Amino acid sequence: MFSNRNEKCWCGSGLKYKKCHLEFDEKIESYRLKGHEVPSRDLIKSPQDIEGIRKSGEINNGVLDLVASKIKAGMSTADIDKLVYDYTTEHGAIPAPLNYEGFPKSVCTSINNEVCHGIPDESIILQDGDIVNVDVSTILDGYYSDASRMFMIGEVSEDAKKLVTVARECMIKGIEAIKPWGFLGDIGAACGEHAHKNGYSVVRALGGHGVGNEFHEDPFVAHIGKKGTGMLLVPGMVLTVEPMVNEGTYDVFVDEVNEWTIYTADDKLSAQWEHTVLITETGVEILAK
Ligand code: MF3
Ligand code: CO
């Protein structure tokens, strides 16, 4: 249908098309004919791509583990930036945020009412009671991985703890909703339902994304949605699931000065966790966490 049956498969496996992705392509085509949005071929990773993203993810995990072991009250977010830059480059990789569309640092550090894209700075000191998201993205041999975690600094309020916990549960439920030959809307439906059940809102203006050969690929992964809608999910796709969960309104605004940092519109708390996941024949493999 797409290539000659006896020619080598487009995926780079070296196998004949008929022995490799022919049936897969026919299955996707059948969904397309039924009216579903389907992924283009460039969103389906080759085995080599997957191995590359997996290795990138291992370094990304190492960065976050290092941050987890060091982060504490009194540190500046520039100190975190230095940890990230040094570890990443010592492992032969590049911090993906650095110079990305003009972003000036190696990591995003977003505290309390900051939703995401906080810029590390020597003047920003982590305080007892803060909740902070550290969002790390790595390029290794051209392959991208992306993950973030929340950290609670010292004694944190019960409200903040609950938000951080529920935000993580939203991410996990979103990932658990991913099934090969399921739909993108299944993810948002699961994230959104759990957030709303707990009285929280989910940021709509930003979301997850395809990742791997570029920092941000299609599709846009919304963290609210309706089951069974949106792009078909197939084995070989790599996505981030990264719900931003707010105590109050889902509305946000951008810092007018630095044009990066996103804040909650009502100054209430926001929390976010992010994993990079590969869709497999049977479910998902987490490539960065
Ligand atoms: N890591 C963010 C994400 O999850 C992207 C940050 S872009 C940057 O998509 F330039 F701010 F780093
Ligand atoms: Co991301």
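Guide: Buried here means under 20% relative accessible area, exposed over 50%, and partly exposed in between, with a 1.4 Å probe and protein chains only. This is a predicted model, in which local features need pLDDT of at least 70 and side-chain atom pairs count only at pLDDT 80 or more, while totals for chains, interfaces and linings use all residues. Residues are numbered from 1 along each chain as its sequence is written, and side-chain values use heavy atoms, with hydrogens and water left out.

The unreviewed UniProt entry lists Asp135, Asp146 and Glu274 under "binding site"; such annotations may be inferred rather than shown by experiment, and their positions follow the numbering used here, with feature names shortened. The three residues span 140 residues in sequence, yet no two of their C-alpha atoms are more than 7.9 Å apart, so they gather at one spot. From this set, Asp135 and Asp146 belong to the lining of the largest pocket, where a pocket is an open set of points on a 1 Å grid over the protein atoms alone, with protein on both sides within 12 Å along at least five of seven lines, and lining residues have an atom within 4 Å of a point.

Glu274 lies in the loop between β13 (270-272) and β14 (275-279), strands being DSSP runs of E with at least two residues, numbered from the N terminus. With 0% relative accessibility, Glu274 counts as buried. Leaving aside residues up to four places away in sequence, Glu274 touches, among others, Asp135, Asp146, His209, Glu242 and Lys289, contact meaning heavy atoms within 4.5 Å.

Asp146 sits in strand β5 (residues 143-152) and, at 2% relative accessibility, counts as buried. Its side chain makes a polar contact with the side chain of His209 (3.0 Å); a polar contact is a pair of N or O atoms within 3.5 Å, of which, within protein, one must be able to donate a hydrogen and the other to accept it, and residues adjacent in sequence count only if both atoms are side-chain atoms.

Strand β7 (residues 208-210) pairs with strand β8 (residues 217-221) in the antiparallel sense over three bridges, pairing requiring that DSSP finds at least two bridges between two strands. In this pairing Gly208 stands opposite Val221 in β8. The hairpin of β7 and β8 has six residues between the strands, and in it Gly212 takes a positive phi near 140 degrees.

Definitions and conventions: Chains lettered and ligands numbered in written order. 1 Å grid on protein atoms, 1.4 Å probe; cavity = no way out; pocket = protein on both sides within 12 Å on 5 of 7 lines; lining within 4 Å. Helix = DSSP H or I, 4+ residues; strand = E, 2+ residues; numbered from the N terminus.
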